[in-house]
Amino acid sequence: MSAVGESVGRRMTLGYLTSHYGYDLQPSFASNVTITAVADDMASVRPGCLYAPAGSVDVRRLEEARSRGAYAALIPHAMRAVVKDIEFPLVFAEPTPSQLGALAGDIADHPSTSLAVFAVCGADGDEVQATVVRLADFLHMLGNPVGVVSAAGSTSLERALDVRHPLGILDVQHILSVCAEDGAAAIVLAVDDQTLRPDALQGVGIDVLGVSDTGDETTVASRVESYTRRYGFTMDKQATPVTRNEESDVFAQQSQIVNEEDGVRRLSLSVAMVLAAGVRRNTIKSALRVSRELD
């Protein structure tokens, strides 16, 4: 699956692509054609979609996309001379990953803006994914319906999602859209190579970024910059990367929910991220106490 579908009530025409993104449309009279999804692989092409192949493409594959019901295809300008006989609309452009992320977010109506987006990054993918599980459980303890994007298992609330990792740009936007429509209040992303392809988070705004790596402020900032470049996400100007701290360690150690060192470390980072999101300390204490009593 490498596709993202149109949000309920969201309409996008080929004319919008030309006016908003500066793409070229052939024939120009097809500007009122409405697309309902964007797909970058042939298996995901459905009636009404825009076929935007992730790799090389030829006339045969364009004809196949048309026969599968694609309403148009997004192809490089260099192909203009060899597609004169294709009898369906063609959009000519060379979109950058950033532009593709914007397009995918646009057709899905920017689902990350309706979710509290938490992300965990770090050099150790297994540690990142384990922390994501802990954070998702903790957010659930605080009363939030949660979605998860992780190679260990992507879910929308309690429902497992049938996706193949690592995810691309369209996959991520699709999952965010599903979680938003299911009523999730927050989503937790594992930012690692097992979960995501390079640039997969283009068009995604992150509210709280947790860093499982240790080091001084300069070292952590350098690593965050490398993760940002690799995966393409953006952060609010007022947001700062979050690491474990003395206060979150105390919360985790006193919780008695976890006893082993790894568990305490992951819970501590989760607490630090929730605090950064503005959750009150008394609320966190109450949630930890209730969880301890129910354990």
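For the grouping used here, Ala, Val, Leu, Ile, Met, Phe, Trp, Tyr, Cys and Pro count as nonpolar, Asp, Glu, Lys and Arg as charged, and the others, Gly among them, as polar. The structure is a predicted model, in which local features need pLDDT of at least 70 and side-chain atom pairs pLDDT 80 or more, while totals for chains, interfaces and linings use all residues. Residues are numbered from 1 along each chain as its sequence is written, and side-chain values use heavy atoms, with hydrogens and water left out.

Grid points are joined across faces, edges and corners, and a volume is the space filled by probe spheres set on the points.

The largest pocket holds about 400 Å³ of space. Its lining has 23 residues, with Ala 52, Pro 53, Ala 54, Pro 95 and Leu 100 closest to the centre. This lining comprises 15 nonpolar, four polar and four charged residues. The second largest pocket has a volume of about 280 Å³. Of its 17 lining residues, Val 211, Asp 213, Val 220, Thr 243 and Arg 244 are the closest to the centre. Here the division is five nonpolar, five polar and seven charged.

Turning to the cysteines, the structure holds zero disulfides (pairs of cysteine sulfur atoms within 2.5 Å). The sulfur of Cys 121 is 20 Å from the closest cysteine sulfur, in Cys 179, too far for a bond.

Key:
On a 1 Å grid over the protein atoms alone, a cavity is a set of points where a 1.4 Å probe fits but cannot get out, and a pocket is an open set with protein on both sides within 12 Å along at least five of seven lines; lining residues have an atom within 4 Å of a point.
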